[in-house]
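Here is a friendly walk through one protein model, written for someone meeting it for the first time. Take a look at it below, then read on.

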Amino acid sequence: MCRVLTIACRECVERRKLVEMFVKALIKASKHDPRLATVSRGARGSHGDGWGYALAMGSGSGVVVAYDRFPTAIYSPSSRDVVSNVVSWIARYERCIALMHSRASSRGEPLGTMASHPFMYRVRIGGNEVTMFFAHNGGSDKSRLMKDLRGLGLSLSRHIHSDSYMLGLAIAKRLEKLGEMDRDAVLNTIASTVSTYCRTETRVLGGVTSTLIVSDDDAFSVVTSWFSEERAFYYQPLIVELGAFVAIASPTVIDFANVPRDLVKPMPNGSAALIDFSGLRYMKRVG
């Protein structure tokens, strides 16, 4: 039960107000989420179990990264200066892809900084060493993930590692099987892993994810939309494209953003989108 924001911009200094608007919307949605209150029947109404960000910022000299995670709420006073820095860093560069996540943990899942999203993994795809950042809204079959990952020789503990961390690790291991850095193959691998583990035999658990892939000279993001139709009200990501700015976000974030509704598009269930420094490149059905 989380809120996720993925944005990309070109000439970001000129889009600083848009960046600020969407980041503030994420903060408001995290502090008070009417959609969460509805689906939880009043049991929960905020996402206060940690937050984090990953930024891939491009300039003429290549790509630089800013990344951190926190155990506190994004709307807490202690987060204000960090959030301000994030906005300033984005606006400093010619191009940026940003991933931000605010967590409402599931009962029985670990808490603290180590369990906050996005998670970071070092991955070798073909001959390319890349860094992968992964954030997830939903649930996954933790027992199946543990079994399959242990089969690869990985040591995991239920009390330390969250289901989302394991899902990101499963994606990373599947990406390492690719023979080359092909964006469409990366997208398909991420989407198929989400559809495999974000479900049980009887129900869909929710696999709204954002994965940021960064190398020394390039970056792109893959967003998946995977949810049970009766929970579309809470899960379904929404897309906003405003020239050289694009955002794909949890619906409550868009609710709090000052965006005309005719500019908002739902991201279809069972689809994946690819974003790079140029914006939303394409979206395809994968489920």
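## Helix α3 and its surroundings

Helix α3 covers residues 80-92, 13 residues in all. From its first C-alpha to its last it reaches 18 Å, close to the 18 Å expected at 1.5 Å a residue; the expected span is 1.5 Å times one less than the number of residues. Helices here are DSSP runs of H or I with at least four residues, strands are runs of E with at least two, and both are numbered from the N terminus.

Which residues of α3 are buried? They are Val82, Val83, Val86, Val87, Ile90 and Ala91, where buried means under 20% relative accessible area, exposed means over 50%, and partly exposed lies in between (1.4 Å probe, protein chains only). Among the elements that cover these buried residues are β1 (3-10), α1 (16-31), β2 (51-59), β3 (62-70) and β4 (95-102).

## How to read the model

This is a predicted model, in which local features need pLDDT of at least 70 and side-chain atom pairs count only at pLDDT 80 or more, while totals for chains, interfaces and linings use all residues. Residues are numbered from 1 along each chain as its sequence is written, and side-chain values use heavy atoms, with hydrogens and water left out.

## The open sheet

Strands of a sheet pair through backbone hydrogen bonds, either parallel or antiparallel. In this model, 7 strands make an open sheet with antiparallel pairing, in the order β3-β2-β4-β1-β10-β9-β11; two strands pair if DSSP finds at least two bridges between them. β3 and β11 (264-266) stand at the edges with a single partner strand each, so one side of each has no neighbour in the sheet. On average, neighbouring strands of this sheet are turned by 15° against each other, direction ignored.

Look next at β2 and β3, an antiparallel pair with 9 bridges. Here Gly58 has Val63 in β3 as its bridge partner. α1 touches β1, β4, β9 (238-242) and β10 (245-249), and its direction makes about 180° with that of β1. α3 touches β1, β2, β3 and β4, and its direction makes about 20° with that of β2. For these angles, axes are lines fitted to C-alpha atoms (for helices, over the stretch in contact), and angles run from 0 to 180 degrees between N-to-C directions.

## Strand β6 and its partners

Strand β6 (residues 128-138) is mostly covered, with 9 of its 11 residues buried. Strand β5 (residues 119-125) pairs with β6 in the antiparallel sense over 7 bridges, and Met120 stands opposite Phe133 in β6. The hairpin of β5 and β6 has 2 residues between the strands, and Gly126 takes a positive phi near 65° there.

β6 also pairs with strand β7 (residues 207-214), in the antiparallel sense over 8 bridges. In that pairing, Ala135 has Ser210 in β7 as its bridge partner.

## The cysteines

How many disulfides are there? The count comes to 1 disulfide, a disulfide being a pair of cysteine sulfur atoms within 2.5 Å. It joins Cys9 to Cys12, with 2.1 Å from S to S. The link of Cys9 and Cys12 is right-handed, with 105° about the S-S bond. Cys9 is buried at a relative accessible area of 1%, and Cys12 is buried at 0%.

Cys2 is buried, with a relative accessible area of 5%, and Cys198 is buried, with 0%.

Note on methods: Contact means heavy atoms within 4.5 Å.
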